[in-house]
Amino acid sequence: MITGLDHVQLAAPPGSEAALRAFYGGVLGLREIPKPPALVGRGGGGCWFEAGEGQLHLGIDADFHPARKAHPALRVAGLRAYAQRLAGQGVQVSWNDDLPGHDRFYAYDPVGNRLEFLERRGGG
């Protein structure tokens with residue numbers, strides 16, 4: 001029986017860790033967490049972040065292609081204020097009202113991966 005989602009991994013190009021840390025840690029406000037020591041030498045870099053009870057892993061891929069359709073969806077409390085904060089830091093926010101009962105927008109990370117941000121209407 002599946003009990004939850006532990007993490008999502010996105011790919012990123014070699015040498016992008018500084019931009020990823022600035023975006024995911026600085027702009028989005030996620031807390032970076034260390035990769036387990038046994039995994040540090042595998043995969044050639046990358047960085048991991050906490051997103052609520054789950055994690056978002058960014059792994060380096062020499063043959064990187066951004067995820068334009070596939071994406072993680074991140075729940076946000078106070079979505080509209082959060083979107084304004086991101087837009088104020090230069091992130092392009094694209095609102096979408098196709099998901100019943102939710103407010104949501106899409107944005108892209110600095111390497112072109114698509115991200116979804118959403119909140120249930122009524123703040124839940």
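Accessible areas here come from the Shrake-Rupley method with a 1.4 Å probe, and for residues only the protein chains shown count as cover. On that basis the chain exposes about 7,300 Å², of which carbon and sulfur atoms supply 53%.

The model you have open is predicted, so local features need pLDDT of at least 70 and side-chain atom pairs count only at pLDDT 80 or more, while totals for chains, interfaces and linings use all residues. Residues are numbered from 1 along each chain as its sequence is written, and side-chain values use heavy atoms, with hydrogens and water left out.

**The whole chain**

Start with a cartoon view, in which the chain shows 3 helices and 8 strands (DSSP runs, with H or I of at least four residues for helices and E of at least two for strands, numbered from the N terminus). Read from the N terminus, these elements follow the order β-α-β-α-β-β-β-α-β-β-β. Switching to the C-alpha trace, you will find that it spans about 45 × 40 × 25 Å along its principal axes. Of the 124 residues, 39% are buried, where buried means under 20% relative accessible area, exposed over 50%, and partly exposed in between (1.4 Å probe, protein chains only).

**Helix α1**

Next, select residues 17-27, which make up helix α1, and show the side chains of its buried residues: Glu 17, Leu 20, Phe 23, Tyr 24 and Val 27. These buried residues pack against β1 (7-12), β3 (47-51), β4 (54-60), α3, β7 (102-108) and β8, with a contact meaning heavy atoms within 4.5 Å. Moving on past the helix, pick Gly 29, which follows α1 and has a positive phi, near 85 degrees.

**The aromatic rings**

Now display the rings of Phe, Tyr and Trp (its six-membered ring), which pair if their centres lie within 6.5 Å, with planes under 30 degrees apart counted as stacked, over 60 as edge-to-face and the rest as tilted. The structure holds 5 aromatic pairs. Select Tyr 82 and Phe 117, a tilted pair with 5.9 Å from centre to centre and 45 degrees between the planes. Because Tyr 82 lies in helix α3 (residues 79-88) and Phe 117 in strand β8 (residues 114-120), the pair ties together parts that are 35 residues apart in sequence. Tyr 82 is buried, with a relative accessible area of 15%, and Phe 117 also counts as buried, at 1% relative accessibility.
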